[in-house]
Amino acid sequence: KESVGVLEQMLTAVIANAVEGSLRADHPCTLEARIEYADALLSAGRFVAVDALQLKSVMNRQKTLFGADSRVTLALMDRVGEVYSKQGLVYESLYLNLESVSEKCATLGPHHSSTVGSTFQLANTYVELGRLKALEELKLEEVIHILEERLSATHPTTISSMVKLGGLYSVLGRFEEAIQVMQVCYQRRCASLGDKHELTLGVANNIAVQLDNMGKRQEALQLYQSTLASTVEKLGETHLNSLGMTLNMASAIQNLGDLGTAHQLYVKVYTTGCEHYSKTHPMTLNACGAVSTIHMLKNEWQAASDLLEENLKIMLQIQEETHPHCMAALDSLATCKKYLGKMEESLSFHEKNCDLRVANHGALHVDTIRAFASMAVLLAEIERGSEALVIIDNCIRDGGASLGPAHPTVIEFMAIKAHVYVNLNDYKTGLVWMDKALNMYRTELKFGD
């Protein structure tokens, strides 16, 4: 809160100086101060307030007056693109990312450290939009090899790029590759920074996340515990890194079936977030969502529904309804209403969620496809199985095209298709699809029973 106030005063002063110098209030000389203030607002969870900063129009004036290929403009493009991404404005982020990479390739070269940073930023945007073929065309693995040759294997740019590559592998469901890349990063960071440095600890946390994703819960938990202890010792319990790792560890504990301990940890993060940041801070909102998940897992549907509705009201004060946090809350509310027997309300939440995701991310975005799959489950259970079957077939087709046929999400869609057939009383076909899903989990993902 203090940071927001200080940066607001700084922006006011910068704009006043521009006006005193006979410049417009939205002159590009104010852009850096606007970005700094925007970042502070986003960190405080005040998403809607960012719109008043007019970043897009000021960025356009920067390009007009100083050229899109100037180094200052290119750096500002990246920063505005990051703000758009945090706001959930994926397409706005994409357009700036594409322009930035193109201009940097032309002026700095494709393998300049600044170009590489923008390329990975573009890669993340492609993932958010589900454009995986475009992601492959970036040839990020080749970029890493060139960085190793030109800068060295232990250069900060090389290691940070590898961390980003590991993160992308994880999103794509390539968990084994993600762990391999991150283990190399961890070894290199230990050698150059030490095993207690916060960047090294961040990589260790990422490895634990991948182990958890692969079902290796106990290994993940042990690594979370040691990493969190070191992080708290270095940064303190209330630091965002510590809180984020606590949420991750609680998730692993939840996956091991200890809902009571997980609930305590989620509440601890939520309380800390409220006290040290705000109710609207993303970390606090994430913790609140996690608490509602525990209620859902314990079949406490009314408690979960009440908490989610309260959380959604808070989010809508600071975010557009198309923000990922809001859409995730709609999906969870749809589930709660279903188990409370309020099928029409549940379907209404599902339909709104799907419509918002199509409008914001497009019909082929992974999260959009997941939203339709969730709606298919409900339709099957309210005796609209034929509609559900059409939807889930589309999910398997579109998910397979975007993620690959062996991606865990696509296999999950196969299991949902089995569920739909069971609700249509076609148990034989349902069993066939469930066998397909189980076999792919075993053979493609190497998951045990």
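Contact here means heavy atoms within 4.5 Å. I keep that rule beside me for the entries below.

**Ground rules.** I am working on a predicted model, where local features need pLDDT of at least 70, side-chain atom pairs count only at pLDDT 80 or more, and totals for chains, interfaces and linings use all residues. Residues are numbered from 1 along each chain as its sequence is written, and side-chain values use heavy atoms, with hydrogens and water left out.

**Entry: Glu 36.** I looked up Glu 36 and found it in helix H2, residues 31-43. Helices are DSSP runs of H or I with at least four residues, numbered from the N terminus. Buried means under 20% relative accessible area, exposed means over 50%, and partly exposed lies in between (1.4 Å probe, protein chains only). Setting aside residues up to four places away in sequence, Glu 36 touches Leu 7 and Arg 79. I also checked Met 10: it is 26 residues from Glu 36 in sequence, and their C-alpha atoms are 9.5 Å apart.

**Entry: Gln 121.** Next I went to helix H6, residues 113-129, which holds Gln 121. Gln 121 counts as buried because its relative accessible area is 14%. What does Gln 121 contact, leaving aside neighbours within four places in sequence? I noted Asp 78, Gly 81, Glu 82 and Asn 97. A polar atom of the Gln 121 side chain lies 3.0 Å from the backbone oxygen of Asp 78.

**Entry: cysteines.** I searched for disulfides, meaning pairs of cysteine sulfur atoms within 2.5 Å. The count is 0. Cys 185 is in no disulfide, and its nearest cysteine sulfur, that of Cys 190, is 11 Å away. Cys 185 is buried, with 0% relative accessible area. Cys 105 is partly exposed at 33%.

**Entry: cavity.** I then searched the whole structure and got 1 cavity of 30 Å³ or more. A cavity is a set of points on a 1 Å grid over the protein atoms alone where a 1.4 Å probe fits but cannot get out; lining residues have an atom within 4 Å of a point. The largest cavity holds about 50 Å³ of space. That volume is the space filled by probe spheres set on the points, which are joined across faces, edges and corners. Which helices each supply at least two lining residues? They are H15 (282-297) and H16 (301-318). H16 gives the largest share, 4 residues. Among the lining residues I wrote down Tyr 270, Lys 279, Cys 288 and Glu 310.

Terms used:
On a 1 Å grid over the protein atoms alone, a cavity is a set of points where a 1.4 Å probe fits but cannot get out, and a pocket is an open set with protein on both sides within 12 Å along at least five of seven lines; lining residues have an atom within 4 Å of a point. A polar contact is a pair of N or O atoms within 3.5 Å; within protein, one must be able to donate a hydrogen and the other to accept it, and residues adjacent in sequence count only if both atoms are side-chain atoms.
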